[in-house]
Structures are given as C-alpha cells and as structure tokens.
Amino acid sequence: MTNVTQQRVLHTEIPGPRSLELQQRKVAAVSAGVGTGLPVYVERAGGGILVDVDGNQLIDFGSGIAVTTVGNAAPRVVERVQQQVADFTHTCFMVTPYEEYLDVCDALNELTPGDHEKRSALFNSGAEAVENAVKVARHVTGRQAVVAFDHGYHGRTNLTMALTAKNMPYKHKFGPFAGEVYRAPMSYPFRWPGGPADCAKESFDVFVQQVHTQVGEENLAAVILEPIQGEGGFIVPAPGFVRQVADWCREHGILFIADEVQTGFCRTGDWFASEHEGVVPDLITTAKGMAGGLPLAGVTGRADIMDAIHGGGLGGTYGGNPVACAAALGAIETMRSENLCGRAREVEALFLPRLRALAERFPQIGDIRGRGAMLAIELVRGAGDLTPNAELTAAVNRECHAQGLVTLTCGTYGNVFRFLPPLASSDELLSEGLDVFEAAFAKAVG
Ligand SMILES: *Cc1c(COP(=O)(O)O)cnc(C)c1O
C-alpha cells in the first residue's frame, strides 16, 4: 500500500502491450472456462489502485468482487499475514488446532446479528460456507427441502449451482443438480408487475403461497436469501420482506439462512445487511470481505444448531487456514479502528447524488439502488421502456476499462452496472472514478 500512489495513471492503451502478451499465454495455459473481465495483468496494488504490468495505475471500483473492502494489501492484513506465514503456514485445525481460528470465530460470533449464544465454523470459499449451512440445516431439522430465490447467487459447486438462479454462465450444461432445491419469486421492486408499491404489498404473500403449494412448510429445512442480492443484480427487496420471510420461517420451524457472503463486513454500511432489516438469522454465511483477499469463509449460527452436529461432521483440510485467519484478524481490526461501516455510508452519500444527476440526463438509467458501498444502476432502453439494456451496460463497462477504471456488471439480464469500491479509497479517488464513469456513460450512449 505504502508504495502505490493513490492516483490513476495511464501510460499505454488499456490493456497495454505486456498485458496483451500475458493474455496470449493465458489462452495457451488456462482453461477457456475461466474468463477474465478485463485482461489487465496486475503487478501490485494498494488501497483503491491496481498497478498493471505496463505501469498503468487503474482505479478499482470492484474490490475483486467485494473482497478487498479494507483496501488492497491493507497494512494490518500485510503485517499479520507476514508474521503468521513466518510462524507456521498450516497444521489443519482438525489435527492440531491454533488460536487464530478461535479469534476469528469469536469475532464472527460477536459481530453477526443477535446477542444469543453462537458458534462458527470456517471454510475456504463462499460456496463451501453455503454448502455447510445447508448441511447443518438439513441435519438439525431432519427435513430436506431448501428454498432459494429468483436472481439468487450462492456459488458454483454442485449444491450451490442448484441454489443459484441464473443458467448462463453458471449452470449451463453442468447438471444434473442437487435435489430438493426449490425456487421462490424474489421481491424485486423495480420489475414487480405494478411497481414498487405493489411489490411491498404483495411479494411476501406470493412467496408464501408458492412455497406452501409447491414445497410444504413441514418439508422445508431452510430458506436461503441474500439480504441484498449480489450477482443477480444488487436487488434490494421491498422494505420488510426479509423480516417477513425470517419471521415466517421461525413460525414453521424452518431455518433462515442469510447469505451475507457479498453483503457482509461493512459493505452495506452495517457489519451485516441483516441488521438494517432488523433480522437475526439462524445461520449466516460469510466470506468475501472478511479476510482482505485471502480465501476464508464462515458459517455462524445459534449454538444449539451448530452444536447439534456430530464431531467430525463439519470441516475440511484447509478450512480456517492460519494465514487466512491472520488476514481476517487484520481486516476486522481495520474495519473496527477505521469505522469502515461509517465509511461505507459516506461512500453512499458521495455516489448517490452523482448517480441521480446522471439519471436526470439519461433515461436509460431505470433504477438506482443498493446501500453503503454496494450500489448499482439498472439500465433500460429508455423512459417507459424497461427492456433490459445489456448492450449499453457492456459498452459503458468497456469504455470505463479503456479509461483505467475497473468496473463490474451483474444481473440476470446483464444490464446492471455495480459499484463496489474498496473502503480505503479517498473521496478524491472515488470522485475521479465517478468522473471517468460519467464520461464513459455519455460516450457509450453516443
Ligand atoms: C460470491 C458469492 C458466493 C460464492 O462465494 P465463492 O467464494 O465464490 O465460492 C456465495 N454467495 C454470495 C451471496 C456471493 O456473492
């Protein structure tokens, strides 16, 4: 971080010649199934800047998909990791344990919503956390069915592909998928027939009706929901929807799993997005923002649920690796001491007026949504025509990339442009990124 100046610098076209060379090697060495959104090869990074192999400095509006919330190579993460990697790199917690794993579980138990007694278990990825949350829910309830939502994203393993809604690219021809997974309609205010007001009135009833008739409450182990959907389009459900679903689950002995892999750890302006909804999930899955870029994930839940599993029933060779735990402790310390939840709200306050002003100029911006530093715009054909505009979304994205701004799109229809800047970015850097974005938008509209 210390040796990366926090400014955008372009020496070459993006991608530059050295990146293009490496991309040729990529084609020859790496499976075509692993895509790259922007083939700029990174050599160093710090705070909110990525430095590529051609010496260009790019502004990061993606945080490696909501991971480097504390900034890239954040000082406390670097320090803790360097110390830990020199002390020891692995023992396997299931063989001979270590204290850093306990420290991370204590932090998860303390920071996640609710002051009831909790237990945690650590894994390597968001998908693995989700798989384990479902294992726990099935084991504890003695029921098998799991309900996930339209537009939901929960990962790419076999069970989590089944939970994920979107076919291309995540599921296409990768079946058969895990059984006993059912899909419910999502509370999606912008695209609800009749609009947001009807969505608020109707979406919970539609959910209950469908699950009741197609699954049956007594067959249902768990409902899994992202409190703000990530890959599916940064969809913020109608006010009260998350709470209603969680309450309904409790009434019927169904476990409510909040998948906070993307929304967790200050991203939305709270430690967890469930807090904003006044919801205390039975189980909560975490990963992305937790460890400043090292692979680490968690399942945290009510002690009675998490302790109902037989010894050896949960685990994995690398789950809760000591270096990843050290990184998480450095990241969490940074979030606490630098009040990154507050910083996420400042980011929202900086972005929203700019996005609203842009929407005044361009009727192709149909919706602005999100919370904290998890914000998005949904692009449509124009005023009164809400047809998804994936072409414009891709064009804006390309133009941002060409100008040295690393941006991401998402959404079931590929028409959502999302903003996930590191919370270590200064106001100046964020404002410059927004300047680039606005110019790119105007140019792409033509
Ligand atoms: C990214 C994501 C996952 C999967 O996490 P991986 O670490 O990629 O396996 C699961 N759920 C949500 C909400 C996510 O955003």
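Where is Pro15 found relative to helix H1? Pro15 is in the segment before helix H1 (17-29), and point 5 returns to this residue. Here are some notes for a first look.

1. **What you are looking at.** This is a predicted model, in which local features need pLDDT of at least 70 and side-chain atom pairs count only at pLDDT 80 or more, while totals for chains, interfaces and linings use all residues. Residues are numbered from 1 along each chain as its sequence is written, and side-chain values use heavy atoms, with hydrogens and water left out.

2. **Around the ligand.** The shell consists of Ser125, Gly126, Ala127, Tyr153, His154, Gly155, Glu226, Asp259, Val261, Gln262 and Lys288. By type, that gives 3 nonpolar, 5 polar and 3 charged residues. In this scheme Ala, Val, Leu, Ile, Met, Phe, Trp, Tyr, Cys and Pro are nonpolar, Asp, Glu, Lys and Arg are charged, and the others, Gly among them, are polar.

3. **Contacts and cover.** An oxygen atom of the ligand lies 2.8 Å from a backbone N or O atom of Ala127. A side-chain N or O atom of Asp259 is 2.7 Å from a nitrogen atom of the ligand, and one in the side chain of Lys288 is 2.6 Å from a ligand oxygen atom. On its own the ligand has 390 Å² of accessible area, and the protein covers 83% of that (Shrake-Rupley method, 1.4 Å probe).

4. **The loop between E8 and H9.** Helices (H or I, at least four residues) and strands (E, at least two) are DSSP runs numbered from the N terminus. Gln262, one of the shell residues, lies in the loop between strand E8 (255-259) and helix H9 (273-276). Gln262 counts as buried because its relative accessibility is 7%, buried meaning under 20%, exposed over 50% and partly exposed in between (1.4 Å probe, protein chains only). Its side chain also makes a polar contact with the side chain of Arg418, at 3.2 Å. Such a contact is a pair of N or O atoms within 3.5 Å; within protein, one must be able to donate a hydrogen and the other to accept it, and residues adjacent in sequence count only if both atoms are side-chain atoms. Phe265 sits in this loop too; its phi is near 60°, a positive value in a residue other than glycine, and Phe265 is buried at 2%. Phe272 is another residue of the loop, buried with a relative accessible area of 0%.

5. **Cis peptide bonds.** Back to Pro15: a cis peptide bond joins Ile14 to Pro15, with omega about -5°. Met168 and Pro169 are also joined by a cis peptide bond, with omega about 0°. Pro169 is in the loop between helix H6 (158-163) and strand E6 (181-184).

6. **Two other places to check.** Asn339 lies in the loop between helix H11 (322-337) and helix H12 (340-361). Its phi is near 45°, positive in a residue other than glycine, and Asn339 counts as partly exposed because its relative accessibility is 49%. Leu379, in strand E12 (residues 374-382), is buried at 0% relative accessibility. Leu379 and Val416 are 37 residues apart along the chain, yet their C-alpha atoms are separated by 6.1 Å.

Definitions and conventions. A residue is near a molecule or strand if one of its heavy atoms lies within 4 Å of it.
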